[in-house]
Amino acid sequence: MFDEPEGFDIGDPPDLRGRSRGWTPVHAQLAALAGCTSITIAVVARDQKFRHKGLATKLRSLIDIRGFFFDLHLQPKFEQLNFDLTLDTRETTARIRALAAETHRRCPQLGLFRLAGIPMLVTWYRKGSRRPLFEERFSMRRGRTPEDRLVAAAKRAAKKAG
């Protein structure tokens, strides 16, 4: 929806000046992260002579929008991004780690998210396997993630109500 003749069409509803057809700005931002990372992986793979047949990316965001709509004392913010990268490759895990490290260093969009301190869980997979090769956390402590804490709080609230 970026090439609309009338300009950028946001996916928000009409009362927010959108036409509910395109991506929201948050979708566009996350797509930019996935696209930039994919391009950076291709460049780094070429530089490292890393062989792969394909890449799939998947992003899931946990965003607190209460400050946008309900509680004007809060700043809307990403609580957590889960970024899964699945490579179709026979390269070793060590080579995939090297590709990941250089990609994380060189990708401008990843750099923006990291500099912003957005909690990110980046998980690398090999195509055909559901088991992660490795995970990296950015702006996130070890242990329970923000998502884990939110799920636990929801379970406690449901148990209390039921």
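Mentor: Let's begin with handedness: a crossing is left-handed if the near helix is turned anticlockwise from the far one by less than a right angle, and right-handed if clockwise. This is a predicted model, where local features need pLDDT of at least 70 and side-chain atom pairs pLDDT 80 or more, while totals for chains, interfaces and linings use all residues. Residues are numbered from 1 along each chain as its sequence is written, and side-chain values use heavy atoms, without hydrogens and water.

Trainee: In what order do the elements of the chain run from the N terminus on?

Mentor: Elements here are DSSP runs, numbered from the N terminus: helices are H or I with at least four residues, strands are E with at least two. The chain has five helices and four strands. From the N terminus on, their order is α-β-α-β-α-α-β-β-α.

Trainee: Is the crossing of α1 and α3 left-handed or right-handed?

Mentor: Axes are lines fitted to C-alpha atoms, for helices over the stretch in contact, and angles run from 0 to 180 degrees between N-to-C directions. Helix α1 (residues 25-47) and helix α3 (residues 93-106) pack at about 125°, their axes 9 Å apart. The two are therefore oblique, since angles under 35 degrees count as roughly parallel, over 145 as roughly antiparallel, 65 to 115 as roughly perpendicular and the rest as oblique. As for the hand, the crossing of α1 and α3 is right-handed.

Trainee: How do the residues of the contact of α1 with α3 divide into nonpolar, polar and charged?

Mentor: With contact taken as heavy atoms within 4.5 Å, T37, T40, I41, V43, V44, A45 and D47 of α1 meet L99, E102, T103 and R106 of α3. Ala, Val, Leu, Ile, Met, Phe, Trp, Tyr, Cys and Pro count as nonpolar, Asp, Glu, Lys and Arg as charged, and the others, Gly among them, as polar. The contact of α1 with α3 then divides into five nonpolar, three polar and three charged.

Trainee: And how do the residues of the contact of α1 with α4 divide?

Mentor: α1 packs against helix α4 (residues 108-115) at about 130°, with the axes 7 Å apart, which makes α1 oblique to α4. Q29, L30, A32, L33, C36, T37 and T40 in α1 touch P108, Q109, L110 and F113 in α4. The division is seven nonpolar, four polar and no charged.

Trainee: Which residues are linked with E102 in a network of salt bridges?

Mentor: A salt bridge is a side-chain nitrogen of Lys or Arg within 4 Å of a carboxyl oxygen of Asp or Glu. E102 pairs with R105, the closest N and O atoms being 2.8 Å apart; lying three residues apart in helix α3, E102 and R105 are separated by about one helical turn. In the network, E102 is linked with R46, D47, R105 and R106.

Trainee: How many residues apart are K127 and D88?

Mentor: K127 and D88 form a salt bridge at 3.8 Å between the closest N and O atoms. K127 sits in the loop between β3 (120-126) and β4 (134-138), D88 in strand β2 (residues 77-88), so the pair links distant parts of the chain, at a separation of 39 residues.
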